[in-house]
Amino acid sequence: GGQIIREYASNRQRMDICVIYGNRKYPIEIKLYYGKNTLSDGILQLSEYMDTIGEKTGWLVIFDRRPEITSWEEKTYWNTQIVDNKTVNIVGV
């Protein structure tokens, strides 16, 4: 009873994935780790998408392909931040 839409258009921007289930939209932004600003840039981008579609919860998935980070224990994590009264779930892989 739901949909998964890639490159979901929200205004003039496009979030990577939007899961629509019932009358809710679940925004997901996917990033490759590119440096120390990856997290803050991703949170800002996702937060803007969340504002546009009127949702208070979203997910940011960051893929870390740095060769010096080799163990899954270092690469994988899940944490949650509250940003401007919105819940941002951050998943590292």
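In the predicted model, Gln 81 lies opposite Val 88 of strand 6. This pairing belongs to a set of 7 bridges that join strand 5, residues 77-83, to strand 6 in an antiparallel arrangement. A further pair places Asn 79 beside its bridge partner in strand 6, Ile 90. Strands 5 and 6 form a hairpin with 2 residues between the strands, and in this hairpin Asp 84 adopts a positive phi near 50°.

Strand 6 is also joined to strand 4, which comprises residues 57-63; here the two strands run parallel, and 6 bridges connect them. Within strand 6, Val 88 stands opposite Gly 58 as well as opposite Gln 81. Strand 6 itself, residues 86-92, is mostly covered, with 6 of its 7 residues buried.

These strands are part of a chain that contains 2 helices and 6 strands. Their order along the sequence is β-β-β-α-β-α-β-β. Among contacts between residues at least 6 apart in sequence, 46% link residues at least 24 apart.

The geometry of helix 1 was examined next. Helix 1 covers residues 38-53, and at 1.5 Å a residue its 16 residues should span 22 Å; the C-alpha atoms at its ends are 23 Å apart, which agrees with this expectation. The buried residues of helix 1 are Thr 38, Gly 42, Ile 43, Leu 46, Ser 47, Tyr 49, Met 50 and Ile 53. When helix 1 is viewed down its axis, these buried residues fall within an arc of 160°, and they therefore line one face of the helix. The face turned away from the buried side of helix 1 carries Leu 44 and Asp 51, both of which are exposed. After helix 1 comes Gly 54, which has a positive phi near 75°.

Met 50 illustrates the buried side in detail. This residue is found in helix 1, and its relative accessible area is 0%; because the cut-off for a buried residue is under 20%, Met 50 counts as buried. Apart from neighbours within four places in sequence, Met 50 is in contact with Pro 27, Glu 55, Lys 56, Thr 57, Gly 58, Lys 86, Thr 87 and Val 88. Two of the residues in contact with Met 50, Gly 58 and Val 88, also stand opposite each other in the pairing described above. Met 50 and Phe 63, by comparison, are separated by 13 residues in sequence, and their C-alpha atoms are 21 Å apart in space.

The overall dimensions of the chain were then considered. A compact globule of 93 residues would have a radius of gyration near 12 Å, and the value for this chain is 14 Å, which agrees. Along the principal axes, the C-alpha atoms fill a box of roughly 40 × 30 × 25 Å. Of the 93 residues, 37% are buried. The accessible surface of the chain amounts to about 6,100 Å², and carbon and sulfur atoms contribute 51% of that surface.

Notes:
Residues numbered from 1 in each chain as written. Predicted model: local features only at pLDDT ≥ 70, side-chain atom pairs only at ≥ 80, totals over all residues. Heavy atoms only, no water. Helix = DSSP H or I, 4+ residues; strand = E, 2+ residues; numbered from the N terminus. Expected span 1.5 Å × (residues − 1). Buried < 20%, exposed > 50% of the residue type's maximum accessible area, 1.4 Å probe, protein only. Arc of directions from axis to C-beta. Pairing = 2+ DSSP bridges. Rg over C-alpha atoms; globule rule 2.2 N^0.38 Å. Contact = heavy atoms within 4.5 Å. Areas by Shrake-Rupley, 256 points an atom, 1.4 Å probe, with all protein chains shown as cover.
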